[in-house]
Amino acid sequence: MINVGVIGTGMIGQDHIRRMTSVLSGVRVCAVSDVDAATAASVGERVGAAVHTTGQELIADPSVDATLVCSWGPTHEQYVLAAIAAGKPVFCEKPLATTTEACQRIIEAETAYGGRLVQVGYMRRYDSAYRALKAVLDSGQIGNPLLMHCAHRNPSVPGVYEKDMAITDTAVHEIDMVRWMLGEEIRAVRVLVPRRSRNGGILQDPLFLLMETAGGAIVDVEISVNIRYGYDIRGEIVGEDGTAALGELSPLVVRHAGQVATPVPADWRERFIRAYDIELQEWIDGIAGGVPATGPSSWDGYAAAVVSDAGVSALHSGERVPIALMDKPKLYAAEAAA
Ligand SMILES: NC(=O)c1ccc[n+]([C@@H]2O[C@H](COP(=O)([O-])OP(=O)(O)OC[C@H]3O[C@@H](n4cnc5c(N)ncnc54)[C@H](O)[C@@H]3O)[C@@H](O)[C@H]2O)c1
Ligand SMILES: O[C@H]1[C@H](O)[C@@H](O)[C@H](O)[C@@H](O)[C@H]1O
C-alpha cells in the first residue's frame with residue numbers, strides 16, 4: 001500500500017483524492033494540506049487523512065511515501081523541490097512550474113539526486129483517443145504529418161484565471177501533447193489575437209497559437225476559455241497520405257425533432273476521467289515496484305515551460321518567437337520527444 005499525501009485540496013486535488021480512495025488500488029490518502037485550512041480540514045476529515053499546516057510538513061511526514069501536488073501552478077516548484085530533497089516520489093499536476101527558470105531548478109535538483117522522482121500530470125498521454133491517434137500516426141498509414149489542427153475549449157474559467165494563463169495553464173496541454181504526438185520539439189511559436197468574445201470579460205479570448213516543430217510541421221491551436229456550450233477538445237493530423245482526428249467522444253447519439261445530438265462533456269473531469277485514472281494507477285504501481293516515475297518527466301515539464309514562456313512573449317509582442325532548449329541531461333535521455 002502506497003501512502004500518498006496531497007498538497008492542494010481544490011478541484012483537481014479533491015478529484016484525485018476521490019479516485020485514490022474509491023477507484024484505484026494499492027493506495028491510501030494518508031495526509032492533506034492546503035493554504036485554505038478549512039478546506040483541507042474538511043477533506044482530511046472526510047477521508048480520514050492527517051491535516052498538515054504546510055506542504056513542507058506533509059512531505060517530511062514519515063508516513064507519507066509519495067506526494068501529489070495539486071496547488072496553484074506558481075506554488076508547485078517549492079513542493080517539488082522539497083520532495084526531491086526528501087528523496088520521495090512526487091506527482092505534480094501541470095504545469096511543472098510556471099517559468100523556465102523554475103523548471104531548470106527542478107531539473108538541477110533531480111539530476112543531482114541522480115534518479116527520476118518527478119512525474120508531471122500531462123494526462124492526455126494516457127487518453128484512449130489520443131493514444132489511438134498516435135497509433136495511427138506511428139503506423140505510417142497517413143504518411144509524414146504535415147499539419148495538426150487543435151482546439152481547446154473550456155466552457156468557462158474561474159475568477160483567478162488571468163490573461164497569460166490561456167498559454168501557461170491551458171495551451172500547455174497542447175504543447176506537451178504535440179511534443180509527444182509528433183515526437184519532436186517545437187522550434188517557434190506565434191500567437192494571433194482575434195477580436196474578443198463578449199463572454200471573456202477582461203480576458204483576451206479566444207487566442208490562436210501557431211507552432212512550428214523542429215521537422216517543419218505546423219500546428220494551429222484555438223484556445224477558447226469561455227465557449228459556454230461544454231468542454232471540447234479537438235485534434236486532427238493532416239499527413240501526406242491521409243488525415244486522422246480524435247472522434248466525437250460521447251457514447252450517446254440522440255435523434256429528435258429533426259436533429260442529431262451528442263452530449264458534450266461538462267469539464268476536464270468528465271472528458272479525461274479514465275486518463276487520470278490510468279496515469280495515477282500507473283504512477284502508484286510504479287512506486288510499489290520501485291520505479292518512482294515513468295510518465296511525463298521534469299524534462300517534459302521544462303520543455304513545455306520554455307514553449308509556454310515563448311507563447312506568452314509572442315502573445316505580448318505579436319512576433320514569431322524562436323525556441324531553444326538547453327542540452328538534455330542524461331537522466332532523461334531515453335525519452336521519446338526529441
Ligand atoms: N491535468 C489537468 O487536466 C488539470 C485539471 C485541473 C487543474 N489542473 C492543475 O492543478 C492545479 C490546481 O488546479 P485546480 O483547478 O484544482 O485549482 P483550485 O483553485 O480548485 O485548487 C487549488 C488549491 O490549491 C490551494 N493552494 C494555493 N496555494 C497553495 C499553497 N502554496 N500551498 C498549498 N495549497 C495551496 C488553494 O487554496 C486551492 O484549494 C493547477 O496547477 C492546474 O493547472 C490540472
Ligand atoms: O487547469 C485547467 C486544466 O488543465 C484543464 O485540463 C484545462 O482545460 C483548463 O484550461 C485549465 O485551466
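Helices (H or I, at least four residues) and strands (E, at least two) are DSSP runs, numbered from the N terminus. This is a predicted model, in which local features need pLDDT of at least 70, side-chain atom pairs count only at pLDDT 80 or more, and totals for chains, interfaces and linings use all residues. Residues are numbered from 1 along each chain as its sequence is written, while chains are lettered from A and ligands numbered from 1 in the order in which they are written.

**Figure 1. The loop that holds Ala 257.** Ala 257 sits in the loop between strand 13 (254-256) and strand 14 (259-261). Its phi is near 50°, which is a positive value in a residue other than glycine. Ala 257 has 6 other C-beta atoms within 10 Å and is exposed. A residue is buried if 20 or more other C-beta atoms lie within 10 Å of its own, exposed if 12 or fewer, and partly exposed in between, with C-beta atoms placed from the backbone.

**Figure 2. The loop that holds Arg 228.** Arg 228 belongs to the loop between strand 10 (218-224) and strand 11 (232-239). Phi is positive here too, near 75° for Arg 228, a residue other than glycine. Arg 228 counts as exposed, with 11 C-beta neighbours inside 10 Å. Most residues other than glycine have a negative phi, and most peptide bonds are trans.

**Figure 3. Two cis peptide bonds.** The bond from Lys 94 to Pro 95 is cis, with omega near -10°. Pro 95 is part of the loop between strand 5 and helix 5. Asp 205 and Pro 206 are also joined by a cis peptide bond, with omega about 0°. Pro 206 is placed in the loop between strand 8 (186-192) and strand 9 (207-213).

**Figure 4. The surroundings of ligand 1.** The shell around ligand 1 holds 24 residues, and the closest are Gly 8, Gly 10, Met 11, Ser 71 and Glu 93. A residue is near a molecule if its C-beta atom, placed from the backbone, lies within 6 Å of it. Helix 1 (residues 11-22) supplies the largest share of this shell, 3 residues. By class, the shell consists of 8 nonpolar, 11 polar and 5 charged residues. Here Ala, Val, Leu, Ile, Met, Phe, Trp, Tyr, Cys and Pro count as nonpolar, Asp, Glu, Lys and Arg as charged, and the others, Gly among them, as polar.

**Figure 5. Glu 93 and its contacts.** Glu 93 lies in the loop between strand 5 (90-92) and helix 5. With 21 C-beta neighbours inside 10 Å, Glu 93 counts as buried. Leaving aside its neighbours within four places in sequence, Glu 93 is in contact with Ile 12, Val 69, Cys 70 and Gly 121; two residues are in contact if their C-beta atoms, placed from the backbone, lie within 7 Å. Glu 93 and Ile 12 are 81 residues apart along the chain, and their C-alpha atoms are separated by 8.6 Å.

**Figure 6. The contact between the domains.** The protein is divided into domain 1 (2-123 + 274-298) and domain 2 (124-271 + 304-322), with bounds that come from an automatic or database domain assignment. The contact takes 18 residues from domain 1 and 16 residues from domain 2. On the side of domain 1 that touches domain 2, the elements that give two or more residues are helix 5 (100-113) and helix 9 (273-288). Helix 9 gives the largest share of that side, 4 residues. The residues of that side divide into 9 nonpolar, 5 polar and 4 charged.

Figure 7. The 20 residues of helix 10 (residues 298-317) should span 28 Å at 1.5 Å a residue, and its end C-alpha atoms are 28 Å apart, which agrees. The expected span is 1.5 Å times one less than the number of residues in a helix. Gly 318 follows helix 10 and has a positive phi, near 75°.
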